[in-house]
Protein chains: 2
Amino acid sequence: MNNQIKVGIVGYGNLGRGVVSAIQQNTDMKLVGIFTRRSPESISMNQADLNMQHISEVEKYKNEIDVMILCGGSATDLPEQGPKFAKMFNTVDSYDTHAKIPEYFDSVNKAARESGKTSIISVGWDPGLFSINRLMSEAILPKGETYTFWGNGVSQGHSDAIRRIEGVKGAVQYTVPINEAVDRVRSGENPELSTAEKHLRVCYVVSEEGYDQEEIEKEIKTMPNYFAEYKTEVNFITEEELAEKHSSLPHGGFVIRGGESGGENKQIIEFSLKLESNPEFTSSVLVAYARAAHRLNKEGQAGAKSVLEVPPVYLSPKTAAELRRDLL
Amino acid sequence: MNNQIKVGIVGYGNLGRGVVSAIQQNTDMKLVGIFTRRSPESISMNQADLNMQHISEVEKYKNEIDVMILCGGSATDLPEQGPKFAKMFNTVDSYDTHAKIPEYFDSVNKAARESGKTSIISVGWDPGLFSINRLMSEAILPKGETYTFWGNGVSQGHSDAIRRIEGVKGAVQYTVPINEAVDRVRSGENPELSTAEKHLRVCYVVSEEGYDQEEIEKEIKTMPNYFAEYKTEVNFITEEELAEKHSSLPHGGFVIRGGESGGENKQIIEFSLKLESNPEFTSSVLVAYARAAHRLNKEGQAGAKSVLEVPPVYLSPKTAAELRRDLL
């Protein structure tokens, strides 16, 4: 296809691999190269046609790539890579350190404005699609409460916290919304609920031989910030069962606004996701917003944007006229 | 408050009344006047401070109103009023004759471009919020199917159709999504389903004395287009019960996209509404988009737009920086 959008990827972990497969689902896009800090030859390739390059080569691609998808982490990669790549490319990223978003936005915005590029930050589902739904439902129903539930899904942070306990060989932690709390919110009751009252923590743990499972369970359940405040369930299983049943990365959640319109009628707006693969879904969102970044830039809208500032129409390969005809 | 957005309303039916109460929930907005074809004095007023004017007075308000909310119907009012008011004011409307949207868009767009005003058309929930969700979920998951379910809710068209039958004194028809179909869609099965396979029609009917209820029931159930294709349930009730239990206008529905990301993982996106008052909710959406029309116009974005083309950030009274900080 002519006029395909030429896409580059920085970082080849779960997210980067998801972006590769998402681009293959979009015929208006073409993957030009993947840039990694590792030695490109060291990466075992299941798709021989990928152009794997060391990140130091990236400047050579300045005119070959319409939009660069940054697949690094928020802790250390993106704070450096976001502004750096915005100097050379249109970019999208999934920066998700909530408290530092304004600061990150400013640094990417400065770089993108100087280069005349367009960067969309904090793309994904939360932050991302959930944020859009919070904004829209609050604007439509100014009187009301917004609730976010996460799960069922694997929390990497909580799984890691369990794995750091002595005597733990392997562990996966699922965040599970508490049905009773969800039902109360869906009914429009607008209850006061802490995060702990909304979520259950369910752990599957493999213990090392010679360690006391009761001790491990106690250590998990009393861990401050991670588990102590929550209702926590600990299940010990075998290494085989962990590998067999708990190696995928499902996730999801709901954003529910319980509001009241002017005549005191209850109005409930809900947005929900049920995802078999959390990283693949985030990758799919990144790719749709990569299309938007490219288009916004072609229209001269340089600088940083969040998903909140992007008109929906830019996400689709169809024209505005086609979308009005087919989807309105 | 200074700098309040000055709003006008054309038409004072269910929707217009909903807009009045929605504006009262938004402190950044102020209602300037309501324009009606009826004699303004003939309208019984429960809010004495409303400035009710005959529609012929509207030109005098050209410089007094930032955005005009058109609350007329799609059949005859809006095709005439949409382009007419776009020549004088920024406008929003809830035009919903799906097949004629492109034509309507063009006529409003022409008028708005000439006047330098901004008009947002087809605002509400379907078309409107549902359309945005169809677009976004299809762009994110290009491989998949999108399903729309409506209900539980009152269908005015179907209720009217029953009322036209001889021997029927009153009737209300609820469109009800069939749970089994919803569950299949939510599971990611992506079944083929006709509208009739997705919805049940539940009717509450008051018959005139001396008419055969069985005859009426048969006439309802065999009515082509409206009921013949559907599983239809007819309940005869008293006039009192109809007035008491079936005089509100609840509605709602779901848009569900069952998709598959690149690695063949199922991903389900769902947007749903549960509304105690359909017209009040539509009014609330209109008011949020009125804010957007005013702002887009201040930024020089003249012409017609649909909701698909409006960045979410314009719906909120907060600034983009506040929204990034608080909602991302």
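In chain A, 68% of the contacts between residues at least 6 apart in sequence join residues that are at least 24 apart. The structure described here is a predicted model. For chain A, the mean pLDDT is 95, and 98% of the residues reach 70 or more. The model as a whole scores ipTM 0.95 and pTM 0.96.

The secondary structure of chain A consists of 11 helices and 14 strands. Chain A is as compact as a globular protein of its length, because its radius of gyration of 22 Å is close to the 20 Å that the globule rule gives for 328 residues. Along the principal axes, a box of roughly 65 × 60 × 35 Å is filled by the C-alpha atoms of this chain.

Of the 328 residues in chain A, 58% are buried.

In chain B, one residue was examined individually. Asn109(B) is located in helix α3, which spans residues 101-115 of that chain. The relative accessibility of Asn109(B) is 14%, and the residue therefore counts as buried, since buried means under 20% relative accessible area. When residues up to four places away in sequence are not counted, Asn109(B) touches Gly303(B) and Ala304(B).

Technical notes. Residues are numbered from 1 along each chain as its sequence is written. Chains are lettered from A and ligands numbered from 1 in the order in which they are written. This is a predicted model: local features need pLDDT of at least 70, side-chain atom pairs count only at pLDDT 80 or more; totals for chains, interfaces and linings use all residues. Side-chain values use heavy atoms; hydrogens and water are left out. Helices (H or I, at least four residues) and strands (E, at least two) are DSSP runs, numbered from the N terminus. The radius of gyration is taken over C-alpha atoms; the globule rule is 2.2 Å times the number of residues to the power 0.38. Buried means under 20% relative accessible area, exposed over 50%, partly exposed in between (1.4 Å probe, protein chains only). Contact means heavy atoms within 4.5 Å. pLDDT is the predictor's confidence in each residue, from 0 to 100.
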